[in-house]
Amino acid sequence: MRIIIFGAPGAGKGTQAKILAEKYQIPHISTGDILREAIAEGTELGKKAADIVNRGELVPDDIMGGIIKDVLKSDKCKNGFILDGFPRTIAQADLLCSIFEELNLNDVVLIKLTVKDEVVIERLTSRRTCSNCGTIVNLLNLEDKNKCPNCGAVGTLMQRKDDNKDVIKNRLNIYRESTSPVFEFLRDKLKIVSIDGSKSVEEVTADILNFLE
Ligand code: AMP
């Protein structure tokens, strides 16, 4: 299975990608996670990306293109992948198509999750990630807001630096201007579906599986 999960910040890409990666036993390639890891480790990439990511802007296409080329051509992706957070510009989409062509991949599916801005803002300001097990949660759904509902760790629910209101608005503007047109660009190049991402996690997963299977 080769999947691109596409949509605005907060549409649920990461949550659904994790579920699908587990179900189909394929790697979840999140460019945001790759950048956050590099930032945490203080690598060259991390140093270049830190300020850009924290402002909610886009890391330059040449840097992102290099990362994605290496990952998609690596052994780990040879039996499939789920791509989350890439492509975010037409240039990235164009590069991606040429990689697919080079690797002879003609079964790639793009799933777009749609959500309204108000839902995004509400979701992202209350989003936390468990630093122990990586589970993404919404604080509004938790009884004990200090405990990870998945692994039970206490005090490990962390907020991303770019999940504050001003940066979220910036990310949404950038999505509208630079990323949203990618959908049209890829429409006749890949198998594409648009799914309502404002439903519950379980309902969205069911809609995706319904389409895939
Ligand atoms: P995400 O985890 O997908 O929300 O990504 C977090 C941040 O990483 C974004 O706001 C960008 O700053 C950066 N980023 C992730 N993927 C890309 C990409 N494909 N192109 C440029 N910047 C990216």
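A pocket, in the sense used here, is an open set of grid points with protein on both sides within 12 Å along at least five of seven lines. The model is a predicted one, and its second largest pocket holds about 200 Å³ of space. Rolling a probe the size of a water molecule over the atoms is what shows where empty space is left.

So who lines this pocket?

Next comes the ligand. Around the ligand sit 16 residues, and T31, R36, E57, G85 and R88 come nearest. Helix α2 (residues 31-41) gives the most to this shell, with four residues. By class, the shell has six nonpolar, four polar and six charged residues.

Some of the atom pairs can be picked out one by one. An oxygen atom of the ligand lies 2.5 Å from a polar backbone atom of E57. With R36 it's the side chain that takes part: one of its N or O atoms is 2.9 Å from a ligand oxygen. Q92 also uses an N or O atom of its side chain, this time 2.9 Å from a nitrogen atom of the ligand. How much of the ligand does the protein cover? On its own the ligand has 490 Å² of accessible area, and the protein covers 96% of that.

Now for a sheet. Strands of a sheet pair through backbone hydrogen bonds, either parallel or antiparallel. Here three strands make an open sheet in the order β6-β5-β7, with antiparallel pairing. Strands β6 (136-138) and β7 (157-158) stand at the edges and have a single partner strand each, so one side of each is left without a neighbour in the sheet. Strand β5 (residues 127-130) pairs with β6 over three bridges, in the antiparallel sense. In this pairing, R127 stands opposite N138 of β6.

Two spots in the backbone also deserve a look. The peptide bond from F86 to P87 is cis, and its omega is near 5 degrees. P87 is found in the loop between β3 (81-84) and α5. The other spot is Q25, which isn't a glycine but has a positive phi, near 55 degrees. Q25 is in a loop as well, between α1 (13-24) and β2 (28-30).

Definitions and conventions: Residues numbered from 1 in each chain as written. Predicted model: local features only at pLDDT ≥ 70, side-chain atom pairs only at ≥ 80, totals over all residues. Heavy atoms only, no water. Near = heavy atom within 4 Å. Polar contact = N/O pair within 3.5 Å; in protein donor to acceptor, adjacent residues only side chain to side chain. Areas by Shrake-Rupley, 256 points an atom, 1.4 Å probe, with all protein chains shown as cover. Helix = DSSP H or I, 4+ residues; strand = E, 2+ residues; numbered from the N terminus. Nonpolar A, V, L, I, M, F, W, Y, C, P; charged D, E, K, R; others polar. Pairing = 2+ DSSP bridges. 1 Å grid on protein atoms, 1.4 Å probe; cavity = no way out; pocket = protein on both sides within 12 Å on 5 of 7 lines; lining within 4 Å. Points joined across faces, edges and corners; volume = space filled by probe spheres on them.
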